[in-house]
Structure formats: structure tokens, C-alpha cells
Amino acid sequence: MLFRQIRAEGDRNFAYLIGDEATREAAIVDASYAPERVLAEAQGLGLRTRYVISTHSHPDHVAGNDYILERTGGKGETGAVEVMHESAPRACRQRVKDNEELELGALRLHFLHTPGHIPDHVCVLAAAKLLTGDLLFVGKIGGTGPSFPGSDPRQQWESLQRLLRLDPATEVWPGHDYGVTPSSTIGREAAGNPFLLCKTFEEFLHLKANWAEYKKAHGIA
Ligand SMILES: [Zn+2]
């Protein structure tokens with residue numbers, strides 16, 4: 001599997017490029033504000049873009065999709081296929097459900113529906129790499145509350161608990177570079193991410209409500 005994490009401007013957004021070495025087919029995830037950079041990387045590796053995936057419908061995660069679709073055969077039958085969760089409020093060619101898989105050459109892209117930050121959020125598992133979008137960051141988690149319409153802390157908690165049931169060696173590749181390192185693992189986050197250390201939903205809610213103070217007390221940027 002070919003895999004690249006690409007800085008995509010915005011609010012330290014990360015885009016991802018996943019490629020199958022044999023068929024040279026690629027999926028681009030969350031191209032964000034640097035679609036030209038992501039496409040150049042794909043072309044440099046001799047990859048043909050088959051899927052344009054967004055982890056969720058927030059503007060910074062779908063911003064680069066049209067640019068890529070227009071340059072990879074247009075939005076018709078011959079072009080790359082835009083993929084989002086079935087509940088996404090955006091016209092796209094392929095809508096996926098929880099636990100659905102798409103083939104990319106010999107690779108399988110497994111979609112986990114993980115609402116909480118927004119109802120249409122998905123994480124994408126490719127081999128041992130999990131693209132966590134705005135559900136889980138390194139040492140942090142995505143926002144909920146009035147600034148995020150449709151967000152739900154209870155669903156976010158349940159989605160995070162679901163990630164904790166994955167193999168601890170699963171790699172975490174987030175949608176933003178908000179942590180001390182650009183990537184992590186489920187095991188490392190389970191052992192060190194304050195939100196994943198919460199034992200109950202109540203404790204989790206308390207930490208969310210007091211996150212600014214917690215960060216200050218623990219020297220977290
Ligand atoms: Zn978001």
C-alpha cells in the first residue's frame with residue numbers, strides 16, 4: 001500500500017493519499033485546501049484517482065473535492081467517484097453505510113460510521129491505518145456544541161469507545177495536525193489521550209466542559 005499524509009492548509013488540515021501498488025489506483029481523502037498538491041503527489045507516484053473521499057461534510061474537509069473531480073474525468077460516469085456517508089448533505093456519487101467496504105485494487109477501504117462531531121462522520125480503515133478525521137486527534141478529540149450543528153457528545157463518546165475496541169496497533173491518522181506528533185496508534189491514544197482515559201460518559205462530559213483549564217494545568221498547547 002502506498003500512503004501519504006499531506007499538509008493541506010486550512011486549520012492545519014491533513015489530506016491523505018492511499019494507493020494500490022499493483023493496479024496504481026488511488027483514493028484521496030479530505031483533500032481540503034491543497035487539492036493540487038495531493039493530485040501532484042498522486043501523479044508523481046503514477047496513481048490514477050478512483051475515489052475522492054471525505055470523512056465528513058464540514059467545509060474544510062470537502063473543499064478540494066470539486067477541483068479533483070474536475071481534473072480526474074469530471075463528475076460523470078468516467079471520472080473519479082466522490083464517496084461520503086449516506087447521511088451527508090452533499091450530492092455525491094457513492095454513499096456508504098457503516099461497515100461498508102470499497103475495493104481499491106488489492107486493498108479494502110473499510111468505513112466506520114462514527115457520529116458525534118457531526119452526524120455524517122466516517123473513519124476509514126485501510127490495512128492497519130485508520131483515518132480518524134475530526135473524531136480523534138493525537139491527544140485530543142473533535143469539537144461538539146453550538147458551533148457544530150448536529151454534534152452530540154454521547155454519540156462522540158460511543159464512537160470513541162468503538163475505536164478503543166480496535167487492535168491497539170492500529171495507526172491513527174487524524175484530520176488535523178493538533179497533537180505533539182502527526183500520527184499515533186490506538187494503543188498510544190488509549191494510554192495517553194485524556195478523553196480516552198475517561199472511565200464514564202459523565203467523566204468525559206466533565207473533561208470536555210473543563211478542557212481549557214485542563215490544558216492549562218497540564219501544559220497542553
Ligand atoms: Zn469537522
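**Exercise 1. The sheet**

In what order do the six strands of the open sheet lie?

Solution. The model is a predicted one. Its open sheet has the strand order S1-S2-S3-S4-S5-S6, and the pairing is mixed. Next, look for the edges: strand S1 (2-7) and strand S6 (94-96) each pair on one side only, which is what marks an edge strand. From one strand to the next, the twist averages 25°.

Now take one pair of neighbours. S1 and S2 run antiparallel and are joined by six bridges.

**Exercise 2. The zinc site**

Find the protein donors of the zinc ion and classify their arrangement.

Solution. Step one is to list the donors. They are His56 (NE2), His58 (ND1), His117 (NE2) and Asp134 (OD), at 2.2 to 2.3 Å from the zinc ion.

Step two is to check the angles. The four donor atoms subtend angles of 88 to 173° around the zinc ion. A tetrahedral site needs all angles between 85 and 135 degrees. The arrangement here is irregular.

Histidine 117 and aspartate 134 are both buried.

**Exercise 3. Aromatic rings**

Decide how the rings of tyrosine 16 and tryptophan 173 are arranged: stacked, tilted or edge-to-face.

Solution. Begin with the total: there are 11 aromatic pairs in the model. For tyrosine 16 and tryptophan 173, the ring centres lie 6.3 Å apart and the planes stand at 80°. Ring centres must lie within 6.5 Å to count as a pair, and planes over 60 degrees apart count as edge-to-face. The pair is edge-to-face because its planes are at 80°.

Then find the two residues in the chain. Tyrosine 16 is in strand S2 (residues 14-19) and tryptophan 173 in strand S13 (residues 171-174), so the pair links distant parts of the chain, 157 residues apart. Buried means under 20% relative accessible area. Tyrosine 16, at 1% relative accessibility, is buried, and so is tryptophan 173, with 13%.

Which residues do ring pairs link into a cluster? They are Trp157, Phe195, Phe201, Phe204, Trp211 and Tyr214. Phe201 also has a charge over its ring: the charged end of arginine 154 sits 3.9 Å from the ring centre. Elsewhere, the charged end of lysine 129 sits over the ring of phenylalanine 3, at 4.9 Å from its centre.

**Exercise 4. Positive phi**

Solution. Aspartate 30 is not a glycine, although its phi is positive, about 55°. With 2% relative accessibility, aspartate 30 is buried.

Asparagine 99, also not a glycine, has a positive phi near 70°. Asparagine 99 has a relative accessible area of 41%, so it is partly exposed.

Key
Residues are numbered from 1 along each chain as its sequence is written. This is a predicted model: local features need pLDDT of at least 70, side-chain atom pairs count only at pLDDT 80 or more; totals for chains, interfaces and linings use all residues. Side-chain values use heavy atoms; hydrogens and water are left out. Donors are N, O and S atoms within 2.8 Å of the metal (3.2 Å for Na, K and Ca); water is not among the atoms, so sites may look incomplete. Four donors count as tetrahedral if all angles lie between 85 and 135 degrees; four count as square planar and six as octahedral if opposite donors are over 155 degrees apart and all others between 65 and 115; anything else is irregular. Buried means under 20% relative accessible area, exposed over 50%, partly exposed in between (1.4 Å probe, protein chains only). Rings of Phe, Tyr and Trp (its six-membered ring) pair if their centres lie within 6.5 Å; planes under 30 degrees apart count as stacked, over 60 as edge-to-face and the rest as tilted. Helices (H or I, at least four residues) and strands (E, at least two) are DSSP runs, numbered from the N terminus. A charge sits over a ring if NZ of Lys or CZ of Arg is within 6 Å of the ring centre and within 35 degrees of the ring normal. Two strands pair if DSSP finds at least two bridges between them. Axes are lines fitted to C-alpha atoms, for helices over the stretch in contact, and angles run from 0 to 180 degrees between N-to-C directions.
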